[in-house]
Amino acid sequence: MAVRPSLAYFPSDNALLESSGLPWGVAVTPFSSTDERGSSPVTGDEGDLIPRCTSCFAYFSTLCSLHRWSWTCPICSEDNDLSADAAARYARDGSHDPPELRSAFVDLLLPGEEGEAAAATTPVYVAAIDLSSSEEFLELVKSALLAALEALSPGSLFGILTFSSKIGLYDVQGPIPIVKNVFIPPDSDGTLHVDLKDVMPFCSFLAPVGTFKDRIAEALETIKPIASWERATTASQVQDHALHHTRGFGVAIDALVNYLSVENGTTFELARIFAFLSGPPNYGAGQLDARSNGDHNTGKVVDSNNTLLPEETSFYKNLAASAVQAGACVDLFAITNEYTDLTSLKVLSVESGGSLFLYSNTDESTLPQDIYKMLKRPYAFGCVLRLRTSPEIKIADSYGHFFPDPQYMHVQHINCCDSFASYTYDFEFEKDSQFARKSRPPILQIAFKYTMIVHHGDTSDDASNSGSRSKFSVQRRLRVRTIQYNTTANIWDLYDFVDPDVVLTILVHQVILASLSDVVEARLWIHDWLAIFIAQYNKAYKNVRPADSGVSDIDVDFSNCSQLQPLAQLVFAFLVSPLLQVQDEHIHPDYQTYLQCLFSALEPASLRQAICPTLSSYSSLDTEAEVHQSLSRSVFTSERPIFLLDAYTDLLVYYLPTASPSIPFPPPRDCLLRSTVDRLKQERTLTPRLAFIHGARDDTTTFEKYLIEDRALDGTLLVGSIGFRSFLEEVRSRVAEFGI
């Protein structure tokens with residue numbers, strides 16, 4: 001569980017916080033195996049015995065004041081009695097202390113919460129495949145599912161469902177694959193006339209991977225796109241007969257969720273649905289009118305009120321809630337350049353605990369690698385996350401892919417959580433509160449309750465082995481971390497120990513939320529924030545004295561504080577990112593929705609990489625020269641011949657036109673540069689696209705678009721290297737208007 005605060009020293013009072021101009025909060029990665037310093041939790045088997053405060057329900061930790069028969073809560077200072085058993089437990093010899101006495105970071109088994117039905121369970125995976133697609137789409141999906149089969153443990157259960165104007169269920173456990181179909185009613189409020197459990201028994205639909213991997217692969221090879229006579233011919237679709245196939249996605253996923261819900265808690269605790277889409281749902285319940293605005297495919301992403309295109313229907317929000325109740329999470333893979341209305345669809349993956357992926361074409365798609373990486377990562381499910389704070393601190397807002405508890409404040413439910421998923425909290429002071437010099441230091445406690453599937457030894461499935469499912473068991477666990485922070489009454493301590501990555505993370509979440517109402521106002525807000533922050537900084541360092549100074553004396557480069565120096569560039573990079581462009585005809589509206597989902601789930605270091613790339617130069621293939629702070633065309637005059645640009649989703653290796661012909665291009669596998677590229681690809685949650693560009697003979701547009709300092713605020717590429725510097729001069733003028 002990694003916890004990164006924006007301010008390593010917490011401000012002593014609200015006046016100091018406001019005068020600093022910085023956001024105050026934390027970014028939490030609850031299922032990370034270590035903390036932010038690489039330390040692992042102390043583990044144990046008696047999580048049900050850990051005492052809790054009777055007032056705020058915080059957990060006992062090493063930061064508590066422990067007495068013979070009582071303990072004092074570090075969060076709310078409540079005195080709590082210890083039972084005789086607990087007092088005896090905490091009176092042990094030091095070498096046999098329970099985990100919560102040895103560390104403030106523990107991960108404990110909850111032995112009473114698995115339940116008998118969950119004692120032996122099996123991972124379940126279902127592929128839902130769009131047949132209203134092309135041959136290229138299906139070939140890519142087949143490759144991805146073959147990669148998925150390699151990533152899954154042999155004891156897992158796997159099912160195949162297809163959808164178009166009908167739903168197809170596959171039984172692969174016989175000599176040849178059998179598919180049974182049920183037709184989807186065309187009405188927008190229609191439901192299936194028969195339950196899927198009556199079409200095919202659950203035990204026939206789900207096949208053990210270890211036993212039937214080859215037959216699953218054979219079944220995938222039989223899947224073909226729908227024939228032309230199956231295309232939509234309803235009155236509303238006749239004019240687009242040649243272009244639009246029937247895609248009853250909403251009904252198919254709804255029926256699948258209902259199908260799975262019958263077995264939830266018996267056959268499985270969590271089922272993962274891989275939904276592959278080649279275009280917008282346009283048939284049956286959940287259909288989207290993606291043709292209603294001709295500007296969708298020409299870059300119009302806001303309406304006349306500067307609002308990002310809204311959700312068209314609540315169908316998928318309700319479906320997400322049903323998926324959570326059924327113990328299913330939906331990973332949505334859209335492989336299309338057609339407007340698909342991901343704004344309406346994203347809630348299905350986000351709130352069910354899944355992920356959203358977008359690939360504009362099949363040729364450059366990294367879908368097989370992405371699904372393999374996703375399935376090889378450990379994940380938890382049925383998670384509950386709760387952050388408790390000292391009474392002086394108020395949680396102003398929380399951000400991330402979760403759904404809030406309907407009854408308790410600041411309790412977040414997460415259906416599926418991997419080791420990279422991050423959640424952000426924004427703090428402010430409670431009214432009239434402060435941390436006085438002699439008061440208790442601020443405390444944060446993060447509790448994360450989760451379930452995980454544990455594999456026991458060989459999980460190979462033999463059809464004759466009725467006990468094969470016992471190779472898996474479910475564990476319910478509790479992870480608790482309690483952290484004490486120092487406070488300061490000195491503004492320079494806030495500045496000198498700020499974490500710019502976490503500051504950016506909080507700002508990005510705030511802007512994404514604001515942009516849903518008015519994207520232009522959101523852009524103005526982040527722009528104004530930077531100007532106000534620079535004014536506060538200059539005031540703190542007394543850089544400007546009205547009597548004898550002018551605009552040129554305003555420090556916009558944070559020359560007195562190295563920790564703050566990246567912030568102006570990070571804000572500028574965010575402003576010119578595709579997420580905040582409103583009239584760029586080259587930016588697809590679905591791509592902006594994808595970026596919203598991506599940015600709101602990334603931990604701080606990865607988010608910074610995605611917004612502001614890192615540029616490294618190499619004097620040779622085996623010698624890294626330096627990491628460049630500037631992202632401008634000045635690199636073209638560099639003495640170093642080779643550059644590696646890391647933009648999180650893209651890795652670009654660029655050779656200057658003047659690079660010596662003796663330097664191999666592309667770089668060979670056995671050099672430092674290529675080893676670095678391979679390492680970066682392995683570390684990512686998704687597979688970055690890799691491109692090798694030689695300035696002497698290749699189109700350099702892909703590389704130049706990431707030289708953000710040469711861009712104007714509307715994202716256009718400028719002729720000279722003046723974009724970022726002009727932006728800073730404009731900010732300098734804004735600061736002068738504030739009359740600091």
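Contacts, salt bridges and backbone geometry

Analyst: Leaving aside residues up to four places away in sequence, Q173 touches C203, S204, L206, A207, F212 and R215. The model is a predicted one.

User: Where does Q173 lie, and is Q173 buried or exposed, or in between?

Analyst: Q173 is placed in the loop between β11 (166-171) and β12 (178-183). Its relative accessible area is 27%. Buried would require a value under 20% and exposed a value over 50%, so Q173 is partly exposed.

User: How far apart are Q173 and C203 in space, C-alpha to C-alpha?

Analyst: C203 is among the residues that Q173 touches. In sequence Q173 and C203 are 30 residues apart. From C-alpha to C-alpha, the separation in space is 9.7 Å.

User: How many salt bridges does a search of the whole structure find, and which residue forms one with E351?

Analyst: The search of the whole structure finds 29 salt bridges. In one of them, the closest N and O atoms are 2.8 Å apart, and the partner of E351 is K317.

User: Why does the pair of E351 and K317 tie together separate parts of the chain?

Analyst: The salt bridge joins E351 with K317. E351 belongs to helix α10 (residues 342-352), whereas K317 belongs to helix α9 (residues 315-325). The pair therefore ties together parts whose separation in sequence is 34 residues.

User: Which strands hold K394 and E428, and how far apart are the closest N and O atoms of their salt bridge?

Analyst: K394 lies in strand β18 (residues 393-399) and E428 in strand β21 (residues 423-429), so this pair ties together parts 34 residues apart in sequence. K394 is partly exposed at 36% relative accessibility, and E428 is partly exposed at 31%. In the salt bridge between K394 and E428, the closest N and O atoms are 3.7 Å apart.

User: What is the relative accessibility of R640, the salt-bridge partner of E626?

Analyst: E626 and R640 form a salt bridge in which the closest N and O atoms are 2.7 Å apart. The pair links distant parts of the chain, with E626 in strand β26 (residues 623-628) and R640 in the loop between β26 and β27 (642-646). E626 counts as partly exposed at 33% relative accessibility. R640 also counts as partly exposed, and its relative accessibility is 30%.

User: At what angle do the axes of α13 and α17 cross, and is the arrangement parallel or perpendicular?

Analyst: The axes of helix α13 (residues 500-515) and helix α17 (residues 604-611) come within 8 Å and cross at roughly 75 degrees. An angle of 65 to 115 degrees counts as roughly perpendicular. The arrangement of α13 relative to α17 is therefore roughly perpendicular.

User: In the open sheet of seven strands, which strands stand at the edges?

Analyst: The order of the seven strands is β4-β8-β23-β22-β17-β20-β19, with mixed pairing. Each edge strand has a single partner strand, so one side of each is left without a neighbour in the sheet. The edge strands are β4 and β19 (403-404).

User: Which residue in β20 is the bridge partner of Y379?

Analyst: Strand β17 (residues 379-389) pairs with strand β20 (residues 411-418) in the antiparallel sense over seven bridges. For Y379, the bridge partner in β20 is D418.

User: Is D341 buried or exposed, and what is its phi?

Analyst: Most residues other than glycine have a negative phi. D341 is in the loop between β15 (328-335) and α10, and its relative accessible area of 2% makes D341 buried. Its phi is positive, near 60 degrees.

User: Which peptide bond is cis, and what is its omega?

Analyst: Most peptide bonds are trans. P666 is found in the loop between β28 (650-655) and α18 (672-683). The peptide bond from F665 to P666 is cis, and its omega is near -10 degrees.

Key: Residues numbered from 1 in each chain as written. Predicted model: local features only at pLDDT ≥ 70, side-chain atom pairs only at ≥ 80, totals over all residues. Heavy atoms only, no water. Salt bridge = Lys/Arg side-chain N within 4 Å of Asp/Glu carboxyl O. Helix = DSSP H or I, 4+ residues; strand = E, 2+ residues; numbered from the N terminus. Buried < 20%, exposed > 50% of the residue type's maximum accessible area, 1.4 Å probe, protein only. Pairing = 2+ DSSP bridges. Axes fitted to C-alpha atoms, helices over the stretch in contact; angles between N-to-C directions. Parallel < 35°, antiparallel > 145°, perpendicular 65-115°, else oblique. Contact = heavy atoms within 4.5 Å.
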